[in-house]
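Me: I'd like to learn how to read a structure like this one, feature by feature. Could you walk me through it?

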Number of protein chains: 2
Amino acid sequence: MNANLAAALNPPVRILMGPGPSDIHPRVLEAISKPTVGHLDPYYLQTMDAMQVMLRDLFRTQNEMTFAISATGSGGMEATVVNLVEPGDRVVVCVNGVFGMRMADVAQRAGAEVTTIERPWGEVFTVDDLKEVLVKTQPKLVGIVMAETSTGAAQPVAEISEVVHEAGAMLLVDAVTALGGMPVEVDRWNIDAIYSGSQKCLSCPPGLAPVSFSQRAVEVALNRQTKIQSWYLDISMLANYWGSDRAYHHTAPINMSYALYEAVRIILEEGLENCFERHLDNHLALKAGLAALGIDYTAQTGHQLPMLNAVRVPEGVDDASVRRDLLNRFGIEIGGGLGAFKGKVWRIGLMGYASRQANVLLLLSALEQLLAEQGLQFERGAGIAAANQHYLQG
Amino acid sequence: MNANLAAALNPPVRILMGPGPSDIHPRVLEAISKPTVGHLDPYYLQTMDAMQVMLRDLFRTQNEMTFAISATGSGGMEATVVNLVEPGDRVVVCVNGVFGMRMADVAQRAGAEVTTIERPWGEVFTVDDLKEVLVKTQPKLVGIVMAETSTGAAQPVAEISEVVHEAGAMLLVDAVTALGGMPVEVDRWNIDAIYSGSQKCLSCPPGLAPVSFSQRAVEVALNRQTKIQSWYLDISMLANYWGSDRAYHHTAPINMSYALYEAVRIILEEGLENCFERHLDNHLALKAGLAALGIDYTAQTGHQLPMLNAVRVPEGVDDASVRRDLLNRFGIEIGGGLGAFKGKVWRIGLMGYASRQANVLLLLSALEQLLAEQGLQFERGAGIAAANQHYLQG
């Protein structure tokens, strides 16, 4: 017996209401443990085909190059950027939170001349915010985050896409947190490249990044002057594996693919519109409950994400101890603030399978208990009452 | 119900004796479906610590920066290369198969001035093969593949490492197929960076890449002139997440980590030396059986991998139909040849949990049936008899 032999694996059962991973659907945990087959097995190739068809439904696109990158959502970000950007290309990135900052960093590392435009955290970009920078920099690519997980802000994309394309640029969209929880219309909004992650509204463990590239984007990637800097993420080779050639590239993550397959299947069974409505409904109930406790959202009114409720930690309340108590006493994980919001913001996810009435009511009940302990003044039971009133009016 | 709703997931049960993924240990499939926790959950951080301790045992190293990259083995290759190589750096890559070629490609994409030295497929490099190129190019880094999965050749590393370090270079080793199936001695052999994959001798699904960086390699990565081109694989940021800071980088693939944790735990339970002996024993039995059927190895004598048996398809036998029949009639997957070996070579894996007497005997029995159908002449039962004789003498 080796001295360093670790303890048996025995993870606690959590209710995952943070910024992701979110609660995993039980059918997805069942799928992930199905027998592994080879990555060139006829059965696996057939599931890849079916997965692509389902992912196109999810992204609402006809894009042939719609598939899953063998990495997490940030790997999906990197995949879209490095395929489209060559050294010296001008790229505009819209930054109003951590993930816009990350996209700018990724583009710089790919050799782009990056211009960032900024909005305060919690606010979103309007068409007017982009006009000047588009004229001035004439970018090849504009990147924007649809659902800024650090601030809870929901970025409208359709109009932004219009001005971006009028300026001759391509549009890259971060839909890591958005996909499966709110409408993401790749074709209608004319998005050239988009990425997401398996661990948010898809109710699947982290590890895969669904992506889609428009035909224009694919042509840009295939007709570059320079080689794509990442071998692992090179879409020209990935296309040969996901396409009809089925040429070996890397060994696909079989069991994670099973999980994503089942996860997307569950969403399409429910129906996308039903799924979006459920996310909105539970968000509004939570919001009503939090308001009754005097807790405000960080994102501007009218642009609050249904699946990620970023709210201000009430004055006089200790951020870390509330989160620790939620975890240890109730098994509930919520997220803390990132960057400028550290210690000041809670990020409450209602994503995918986690977006359920039971979770909303449990969280509000637990919060009432913990906030009362910390001396916060509010009418006892007010949070639950407000949430229930929302559901009853449903 | 959506028109594109895919069929229920129902993968066939295969015996995975190709070049990977290999058979998954049942305990690993159980582990992968355990309840998902958050990537900053105290329980998960504790399992990461324990995982690092176990991975150090597996790599036989004290290297602090020993962890798993959130990508497959090829992502591990890219991670080691892009952290150590800056544009203009001179890199020597030893190429005697597909994976050496891949490493050269990855290094070129990272901006390296790559010099390749070559040996015929199936042969390995000696110290003498390297001396001239080391003097001539004075490289920063030398890359070599320990277990060339395309040819089945086992590359000795210890002496190569000496001349590489005498020349002032660092040594990068591909241990994707080697790790867990034969000795990999990171500290004793003075390896500066090494990567593997979860899906070979670790009996774990594909999706993670164990890596280890020496202190020297970490310093090189942290003191670069240029930013690491990959944000996702940037060791300076990964170190903050895997290190004591636990700073959020990307969302770790929780369930795949469970699988790898259990997989490594199983190997350490068995004991590394026992595990290597088992691989060797089953390899020798298979080899004896194949010899009795007149089937030769592609790798040079004395340098044949225990876990990956690359053998020549006998004259007059149809490669594809034998592999198809093995899969469809017996549920056994073996691999075809890559590149120059396409159609001419079978790659029979005896990796991790797949390295078992039962698999050796079943494969030989099935092969005897299929080869007899194809008209190959051999004494009936000769393969099984030879393998059993090996086991009886064992």
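This is a predicted model: local features need pLDDT of at least 70, side-chain atom pairs count only at pLDDT 80 or more; totals for chains, interfaces and linings use all residues.

Me: What is the phi of Arg246(B)?

Reply: First the general idea: most residues other than glycine have a negative phi. Arg246(B) has a phi near 55°, a positive value in a residue other than glycine.

Me: What about Gln138(B), and where is it?

Reply: Look in the loop between helix H5 (127–137) and strand S5 (141–145) of chain B. Gln138(B) is not a glycine, yet its phi is positive, about 45°. Because Gln138(B) has 12 C-beta neighbours inside 10 Å, it counts as exposed.

Me: And how do I read the peptide bonds? Which residues does a cis peptide bond join in chain A?

Reply: As a rule, most peptide bonds are trans. In chain A, though, a cis bond joins Gly20(A) and Pro21(A), with omega about 0°. Pro21(A) belongs to the loop between strand S1 (15–16) and H1 of chain A. In chain B, the bond from Gly20(B) to Pro21(B) is cis, with omega near 5°. Pro21(B) is found in the loop between strand S1 (15–16) and helix H1 (26–32) of chain B.

Me: On to helix packing. At what angle do the axes of H3(A) and H4(A) cross?

Reply: Two packed helices are described by the angle between their axes and the distance between the axes. For H3(A) and H4(A), the axes come within 9 Å and cross at roughly 45°. The two helices are therefore oblique to each other. The crossing of H3(A) past H4(A) is right-handed.

Me: Which residues make the contact between them?

Reply: From H3(A) you get Met77(A), Glu78(A) and Val81(A), and from H4(A) you get Arg102(A), Met103(A), Val106(A) and Ala107(A). By type, that contact of H3(A) with H4(A) has 5 nonpolar residues, no polar ones and 2 charged.

Me: Now zoom out. How many residues of chain A are in contact with chain B?

Reply: 68 residues of chain A touch 68 residues of chain B. On the chain A side, helices H1 (26–32), H2 (42–59), H3 (73–84), H4 (98–109) and H9 (254–270) each supply at least two residues. H9(A) gives the most, with 9 residues. The chain A side divides into 32 nonpolar, 22 polar and 14 charged residues.

Me: What rotation superposes chain A on chain B?

Reply: The rotation is 180°, with 0.0 Å of shift along its axis and an RMSD of 0.0 Å. The two copies are thus related as by a two-fold rotation axis. Also, 100% of the interface residues of chain A are interface residues in chain B, so the copies meet through the same surface.

Me: One last stop: where does Arg224(A) lie?

Reply: Arg224(A) is in the loop between helix H7 (215–222) and helix H8 (235–242) of chain A. Arg224(A) is partly exposed, since 14 other C-beta atoms lie within 10 Å. Its C-alpha atom is separated by 44 Å from that of Val311(A), 87 residues apart along the chain.

Note on methods
Residues are numbered from 1 along each chain as its sequence is written. Chains are lettered from A and ligands numbered from 1 in the order in which they are written. Helices (H or I, at least four residues) and strands (E, at least two) are DSSP runs, numbered from the N terminus. A residue is buried if 20 or more other C-beta atoms lie within 10 Å of its own, exposed if 12 or fewer, and partly exposed in between; C-beta atoms are placed from the backbone. Two residues are in contact if their C-beta atoms, placed from the backbone, lie within 7 Å. Ala, Val, Leu, Ile, Met, Phe, Trp, Tyr, Cys and Pro count as nonpolar, Asp, Glu, Lys and Arg as charged, and the others, Gly among them, as polar. Copies are superposed by least squares on the C-alpha atoms of residues with pLDDT of at least 70 in both. Axes are lines fitted to C-alpha atoms, for helices over the stretch in contact, and angles run from 0 to 180 degrees between N-to-C directions. Angles under 35 degrees count as roughly parallel, over 145 as roughly antiparallel, 65 to 115 as roughly perpendicular and the rest as oblique. A crossing is left-handed if the near helix is turned anticlockwise from the far one by less than a right angle, and right-handed if clockwise.
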